[in-house]
Amino acid sequence: MMNELVIVSGKGGTGKTSITAAFAALATNMVLCDADVDAADLHLLMAPDTRQHHSFEGGWIAVINEDRCTECGTCREMCRFNAINASYVINNIDCEGCGVCVDFCPEGAIDFPVKTCGEWYLSDTRFGPMVHARLGIAEENSGRLVTLVRQEAKILAEEKNLDLIITDGPPGVGCPVIASIGGAAGVVIVAEPTVSGLHDMKRVAQLAGHFKVPAMVCVNKYNLNSDQTEAIEKIAQEMNITNLGRIPFDPVFTGSMIQGKTIVEHANGSDTVIAVKDIWEKIINRY
Amino acid sequence: MIISVASGKGGTGKTTVATNLAYTLGTGVQVLDCDVEEPNAHLFLKPNIEQNESVYTIVPEIHKYRCSFCRKCAEICRFRAIAVMNEVILTFPELCHSCGGCFAVCPENAVAEKGRELGMIEKGRAGDLDFVHGRLRVGEAMSPPLIKRVRSYTREELITIIDAPPGTSCPVIAAMKGADYVLMVTEPTPFGLNDLKLAVEAVKLLNIPCGLVINRSDMGDRRVTDYAEQENIAVLMEIPFERRIAEAYSKGRLIVEVLPGWKEKFLELYRCIEKQINSGNLR
């Protein structure tokens, strides 16, 4: 049976990507997937050897054809995104790609080409194959690109007979996070012991509950504030979320990032790596 | 004046910079927390919430007795939020982008407007500060319309400080567009640098002047500084890693509360921003 584990956090910067990379170094028979398409960082630790590039066609964009436009005003009235200015030029950033202007223009003066919103890649890494992507700057539809990389990771796992997908998720609780966790076997929440970390962990845990994905939590940098660490673990218990353990605050995370390595490679034998290994054991024993 | 505090990478210190800057300036300032997926500024500013409102977006509801199953609504919807099969019509409100196409195209007047709750806006005061934040409903995917609603509370006579969400896609754009200045907060690590570059691209696209704060400035390498130099982006402030700062943050306290000496540094940060805006230099 194939399982997908998604690493999330709610709050950004709690250590999702570093911990995902450490899990990848510890796992076997695995496909790695970076679903943080908006600000992807996992490749910086994985040095992927990219075998395939694909463009991501995530939608359409409306373009007014000046020659045919009579400036009747219909499109400007109908656009709910205020994307068309008084000179009948469509602002690409505001255009949602809904096509309402295209369909209602009485002159048929609006073209609607498919828009390339990013790229996605199939790569090899020292730990196994990896699917990752890059959403274009200021683009929409990150959710669709997330869904696409997850699907490709699944196809790859099936092809290569690998039984685990480890997915690095995005921060927050919105569109790309929803697209990242739906249908996963479990989410691992990397929380940090701060008032923000606690607040955000609760929201992402609620989201996992909402989509009925079993959640587990580990506390990173736990010794920065033991009271908050305990508060997170208590809330996890109340929410029926498995507490996986604690990882100390350790500059080794920054050091390994600078080396382009996982902490497992960079600081093997350290207390931090032992803690992460222990957490990983607990996770795979559940699946 | 609108200053949007953004970063690309999450957890670099956007909220820390936004709240300390706002608190230091005090009177005549409003804070709009536009990180509606995970709003945190209130944990530090502890505002007194005086008003709240639920925010809805418009989605279709089909009056089945009027529907002739002509499929026009399903055809115009690029977001696959309406499906028609024989004499069955289904809507998927969570996929709807509220473009209004289905209402306009229906020949039978069978598509009615219904609300989908995006989340909540809370408004209040924190000492001298005006405070507004949005809180996306857990399970709701679309944050930009809620961010735009938070921004509709902008008061032009005040200095508006926006706490933006991480990333570089539509929610960040919604939190930066139309700002007079983008203050970017990063950390000097490879992740910080990679995401900073993406954020700078977004700011360039919007043509807004920007400057940089480097947080935990002594935990990493020189590459962020080199990049800033090469791109001609002014480094306006550096905050070294200090256990006292990290602990204060963990408890929901401001740097300027526990280390009052930082007030002068945040004032100086504001003066640099003001100077750069007035000089008309983008970077």
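In chain B, B:Ile121 lies opposite B:Gly134 of strand 7, where strands are DSSP runs of E of at least two residues and helices are runs of H or I of at least four residues, both numbered from the N terminus. The model is a predicted one, in which local features need pLDDT of at least 70 and side-chain atom pairs count only at pLDDT 80 or more, while totals for chains, interfaces and linings use all residues. Residues are numbered from 1 along each chain as its sequence is written, and chains are lettered from A and ligands numbered from 1 in the order in which they are written.

The pair B:Ile121 and B:Gly134 belongs to a region in which strand 6 (residues 111-126) and strand 7 (residues 129-136) of chain B pair in the antiparallel sense over eight bridges, two strands being counted as paired if DSSP finds at least two bridges between them. B:Gly119 faces B:Leu136 of strand 7 of chain B, and in the hairpin of these strands, with two residues between them, B:Gly127 adopts a positive phi near 60 degrees. Strand 6 of chain B is also joined to strand 3 of chain B, antiparallel, by 14 bridges, and B:Pro60 stands opposite B:Glu113 in strand 6 of chain B.

These pairings are part of the sheet of chain B, an open arrangement of nine strands in the order 3-6-7-2-8-1-9-10-11 with mixed pairing. Its edges are formed by strand 3 (48-62) and strand 11 (235-239) of chain B, each of which pairs on one side only.

In chain A, nine strands likewise form an open, mixed sheet in the order 3-6-7-2-8-1-9-10-11. Strand 3 (49-60) and strand 11 (242-247) of chain A each have a single partner strand, so that one side of each is left without a neighbour in the sheet. Neighbouring strands of this sheet are turned by 20 degrees against each other on average, direction ignored; axes are lines fitted to C-alpha atoms, for helices over the stretch in contact, and angles run from 0 to 180 degrees between N-to-C directions. Strand 6 (residues 114-125) and strand 7 (residues 128-135) of chain A run antiparallel and are joined by eight bridges, with A:Ala133 as the bridge partner of A:Trp120.

Helix 8 (residues 226-238) of chain A lies across strands 9, 10 and 11 of chain A, at about 175 degrees to strand 10. Its buried residues (20 or more other C-beta atoms within 10 Å of their own, with C-beta atoms placed from the backbone; exposed, 12 or fewer; partly exposed, in between) are A:Gln228, A:Thr229, A:Ile232, A:Glu233 and A:Ala236. They cover an arc of only 140 degrees around the axis, taken from the directions from the helix axis to the C-beta atoms, which puts them on the same side of helix 8 of chain A. The face turned away from this buried side carries the exposed residues A:Asp227, A:Lys234, A:Gln237 and A:Glu238. The buried residues of helix 8 of chain A pack against strand 9, helix 7, strand 10 and strand 11 of chain A, together with helix 9 (243-250) of chain B.

The contact between the chains, in which residues count if their C-beta atoms, placed from the backbone, lie within 7 Å, takes 51 residues from chain A and 50 residues from chain B. Helix 7 of chain A gives the most to the side of chain A that touches chain B, with eight residues.

Key:
Contact = placed C-beta atoms within 7 Å.
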